[in-house]
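Here is a short report on one protein structure. Keep the 3D view open as you read.

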Amino acid sequence: MLQFSVSEVAAATAATVLVEGERCVTNVVIDSRAVAQGSLFVCFSGEKVDGNVYAPSAIEHGAAAIALTAEPDASVIQLARDHGCALLRAQDDDPTEFMLRLASAWRARNPQWVLVGVTGSVGKTTCKDMLAAGLAVGGSVHATAGNHNNLVGMSLTILSAKASDEFVVCEMGMDHAGELTRLSAVARPDVALITNVGTSHIGNLGSREAIARAKAEICSGMRPTDDAEANVPSCLVMTSDNDFGPLIEQEYAAPAGIKVMRVGATDECAVRTTSITLDDQSFPTVALSFSDGCELFATLDVPGVHVVSDFLLAMAIIWLLGVDRAHAAEAIAHMPRTGMRLEVKQAPGRPRVIDDSYNASPNSMAGALDVLTSMRCEGRRVAVLGEIGELGDDAARLHGYVGAYAAAKHPDMLVIVGSENADHMAEAALTMGFSPDRLERFADGASALSALKGVFGEDDLVLVKASRFVQLDHFAKGVLA
């Protein structure tokens, strides 16, 4: 359990103490509704909600301390004194930096953790889930909840880890250069992996090379492999087909003294696949071979060939950390699934829905379309595709690629949802010869649901995939209702 005095919180974060408090901080929250005895409530100010407004409620619900990001009223100060709640004001009124500094202090208090950093353009959450399931065979694991992988989310992950945890798995995302440097400085990963370098956030970063360099920043907080004081020898794991792998190794890992391990299908890989087969539900059975001679088979409960690389990366980390590989692979095969990520759902009299509506990139769109066409289906295969965010100047071209790929997979119906970029998807599909009689175009998910809900039969298979802002999760739920 987290254990900080108010003075220790102030020292770690450079916050100003406005009201002294004697109670210890035992958990950190950013939602006043989650406040409990011992909570430190950190006030974030957004466009719609100002957390400082909820400071009185947090005080009354037993908070040990409040980290304010604005000047408090006299009434708030008096209420805090009356309830024995400490009041702090974050330096520069920056709650994100406050959280990062406090998380760094808690990480420093727990050098015994073996911390695994997980980053990449696509597959981070799947890899994180696989690692959490597999490493649990070898000890107590604390892992990122959902995909809370940004500066605040990773801070909460570390601050909610217990001193008794043996493995801490941190999903580490970014959408701008420099963010992973900040995350890695706090987490100080012992081992790390990069799933791939895709086009997610290319609108912010400008090129795939810039994305690769931003992902490589994960090395900045890692110790050299030969550091005798490290819990385990540091290592960065990547796939052999990562075209930016050599750049990451030569310009980031090697100068930092960090060993690189590769996984994939080629003979030089330390962990490689010797065969992959798909059943009629698109679940892969994988044969793995390790460079020490160990071999094993696993059937994954996540559909699609594309998840095999995530499995290889997770198994490499599990091997590096000395956890029993056969038992770990079995645990991964039966792990709980994260919602809205290739989640197959069905209700009586309704079609099967592959709900992959949480987020999207061009790469993950292609993987989801592969799953749609490889799963058993006695009715029609329908692809409901929405726009992809944060592609910048490349948006038209990349949406066109998705539309062309969708046409090449020949679904029985293609439904395109969104505005201008959705037009590029539809135009490319038609240019590639997809029949206009089988293409439906809608401005939003609500209008698509209204028009199509009664069209699908219980033998149909419907893929729903888009970036989160399109909110196609409502379409997926509506089709099943």
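## Thr 126 in helix 5

Set aside the neighbours within four places in sequence, and Thr 126 is in contact with Asp 310 and Met 335. Thr 126 itself sits in helix 5, which covers residues 124–135. The model is a predicted one.

Is Thr 126 buried or exposed? Thr 126 has a relative accessible area of 18%. Buried means under 20%, so Thr 126 is buried.

Which residues does Arg 341 touch, leaving aside its neighbours within four places in sequence? They are Thr 125, Asn 147, Asp 355, Asp 356 and Tyr 358. Arg 341 can also be placed relative to Lys 128: the two are 213 residues apart in sequence. In space, their C-alpha atoms are 13 Å apart.

## His 399 in helix 14

Helix 14 runs over residues 395–408, and His 399 is part of it. The relative accessible area of His 399 is 0%. Buried means under 20%, so His 399 is buried.

The side chain of His 399 reaches the backbone oxygen of Ala 395, at 2.8 Å. Now leave out residues up to four places away in sequence. His 399 then touches Glu 387, Ile 388 and Leu 391, along with Asn 421, His 424 and Met 425.

## Helix 4 against helix 7

Two packed helices are described by the angle between their axes and the distance between the axes. Helix 4 (residues 95–109) and helix 7 (residues 179–187) pack at an angle of about 35°. Their axes are 8 Å apart.

Which residues meet here? From helix 4 come Glu 97, Leu 100, Ala 103, Ser 104 and Arg 107. From helix 7 come Arg 182, Ala 185, Val 186 and Ala 187. The residues of this contact divide into five nonpolar, one polar and three charged.

## The second largest pocket

Rolling a probe the size of a water molecule over the atoms shows where empty space is left. The second largest pocket holds about 190 Å³ of space. Its lining includes Arg 107, Ala 108 and Pro 111. Arg 188, Pro 189 and Asp 190 also line the pocket, as do Gly 221, Met 222 and Arg 223. Glu 229, Ala 230 and Asn 231 are lining residues too.

How do the lining residues divide? Five are nonpolar, two are polar and five are charged.

## Three loop residues

Arg 188, one of the pocket-lining residues, lies in the loop between helix 7 and strand 9 (191–194). Its phi is near 50°, a positive value in a residue other than glycine. Arg 188 has a relative accessible area of 28%.

Gln 471 is found in the loop between strand 20 (461–465) and helix 17 (473–480). Phi of Gln 471 is near 60°, a positive value in a residue other than glycine. At 44% relative accessibility, Gln 471 counts as partly exposed. Gly 322 is in the loop between helix 11 (307–320) and helix 12 (325–333). With 65% relative accessibility, Gly 322 counts as exposed, because exposed means over 50%. Gly 322 and Val 232 are 90 residues apart in sequence, and 9.8 Å apart in space from C-alpha to C-alpha.

Methods
Residues are numbered from 1 along each chain as its sequence is written. This is a predicted model: local features need pLDDT of at least 70, side-chain atom pairs count only at pLDDT 80 or more; totals for chains, interfaces and linings use all residues. Side-chain values use heavy atoms; hydrogens and water are left out. On a 1 Å grid over the protein atoms alone, a cavity is a set of points where a 1.4 Å probe fits but cannot get out, and a pocket is an open set with protein on both sides within 12 Å along at least five of seven lines; lining residues have an atom within 4 Å of a point. Grid points are joined across faces, edges and corners, and a volume is the space filled by probe spheres set on the points. Ala, Val, Leu, Ile, Met, Phe, Trp, Tyr, Cys and Pro count as nonpolar, Asp, Glu, Lys and Arg as charged, and the others, Gly among them, as polar. Helices (H or I, at least four residues) and strands (E, at least two) are DSSP runs, numbered from the N terminus. Buried means under 20% relative accessible area, exposed over 50%, partly exposed in between (1.4 Å probe, protein chains only). A polar contact is a pair of N or O atoms within 3.5 Å; within protein, one must be able to donate a hydrogen and the other to accept it, and residues adjacent in sequence count only if both atoms are side-chain atoms. Contact means heavy atoms within 4.5 Å. Axes are lines fitted to C-alpha atoms, for helices over the stretch in contact, and angles run from 0 to 180 degrees between N-to-C directions.
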